[in-house]
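The points are numbered for reference.

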Amino acid sequence: MEVLEIGKNEAGQRLDKYLKKYMNQAPGSFLYRMLRKKNILLNGKRAAGSEKLSVGDQVTLYLSGETIAKFRDGQRERKLPSGRAPYAVIYEDENIMLLDKPAGLLSQKASPEDVSLVEYLTADLLRRGEISDGQLSSFHPSVCNRLDRNTSGLVLAGKTLKGLQDLSQALKERTVDKYYLALVRGNITGAAEQTAYLRKEAGSNQVAVLPAPAPSASLIRTAWEPLWSDGGCTLLRVKLITGKTHQIRSHLAGIGHPLAGDPKYGDPVWNRQLKEACGLNRQFLHAWQVTFARAEGCLAPLNGRTMTAPLPKDLAAVLKKKHGPGNPGDLVG
């Protein structure tokens with residue numbers, strides 16, 4: 001027998017979902033059969049599995065230790081990094097963190113052996129005692145938006161289940177505005193908002209931007225305004241209205257203004273010139289600001305606030321060599 005007490009990171013979810021996380025190798029049919037036979041009880045009573053859990057609830061497993069271990073042994077061993085986390089913390093409270101991810105770091109794992117921002121976040125919270133190793137069997141801190149490996153800037157992360165839920169809901173309802181800084185080829189003189197259709201290309205990690213609806217294509221919306229230009233390139237503040245894979249990179253390339261340094265959708269000749277003249281070794285794209293236009297729940301302390309991740313040194317050096325703005329924030333009205 002095992003008795004599990006529900007904490008803040010387990011509360012708010014259905015009992016059956018909690019059980020599937022705790023014994024993640026157990027078939028759903030087995031768990032529901034144990035619920036029907038009263039081998040799994042909620043607060044000492046029979047449960048269907050659809051009940052919402054609250055802090056302090058007790059889940060009793062009238063199962064042998066061997067059975068429980070068997071259904072938990074398949075959980076992957078966590079590979080957590082040691083040492084200082086490579087990100088900067090822009091904002092933190094008991095539920096969420098806003099992190100400034102450096103270029104070169106994955107937001108989430110792409111393969112089992114990867115060590116991503118999520119692993120650093122988890123290790124950081126474990127060291128600080130904000131989560132225990134045992135709690136990780138049913139809850140994992142995570143991120144709610146992802147940046148490409150070589151895109152730097154703001155990532156929204158949930159430390160608790162409530163934080164993850166409220167951040168995810170805000171992103172879904174688009175009450176959080178996300179702004180990027182992008183250096184593109186060509187001279188753009190006016191603000192614009194455009195729609196297009198994005199389709200993932202089979203067999204490659206690239207997307208195609210189409211002007212009209214097509215099978216398997218999703219609607220995208222991107223807005224931008226120029227902050228500075230030398231005639232040959234333009235620094236844009238880009239607002240991501242929808243959030244699809246490679247949206248900014250592919251959408252701007254599709255209208256003839258590819259990102260500086262972009263190896264997938266950019267201009268290879270221009271990229272080579274920028275590398276030689278300015279030392280640019282990645283795409284010039286930085287998740288710069290998030291504005292919480294309407295924040296509720298555990299996000300309420302951020303209502304109406306804008307958080308900013310400073311332009312990293314490598315991108316700031318490119319602007320300096322092109323005699324651009326030292327602080328792009330000075331150009332925003």
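1. Tyr-18 and Tyr-22 are four residues apart in helix α1 (residues 15–22), so about one helical turn separates them. Helices here are DSSP runs of H or I with at least four residues, strands are runs of E with at least two, and both are numbered from the N terminus. The model is predicted: local features need pLDDT of at least 70, side-chain atom pairs count only at pLDDT 80 or more, and totals for chains, interfaces and linings use all residues. Residues are numbered from 1 along each chain as its sequence is written, and side-chain values use heavy atoms, with hydrogens and water left out.

2. Tyr-18 and Tyr-22 are both buried (under 20% relative accessible area; exposed is over 50%, partly exposed in between; 1.4 Å probe, protein chains only).

3. Phe-30, in helix α2 (residues 28–36), and Phe-71, in helix α3, form a pair that ties together parts 41 residues apart in sequence. Phe-30 is buried, as is Phe-71.

4. The count of aromatic pairs is two (ring centres of Phe, Tyr or Trp, the latter by its six-membered ring, within 6.5 Å; planes under 30 degrees apart are stacked, over 60 edge-to-face, the rest tilted). The pair of Tyr-18 and Tyr-22 is stacked because the ring centres are 6.2 Å apart and the planes at 25 degrees. The pair of Phe-30 and Phe-71 is tilted, with 4.8 Å centre to centre and 50 degrees between the planes.

5. Tyr-62 lies in the loop between β4 (58–61) and α3 (65–72). Tyr-62 counts as partly exposed because its relative accessibility is 43%.
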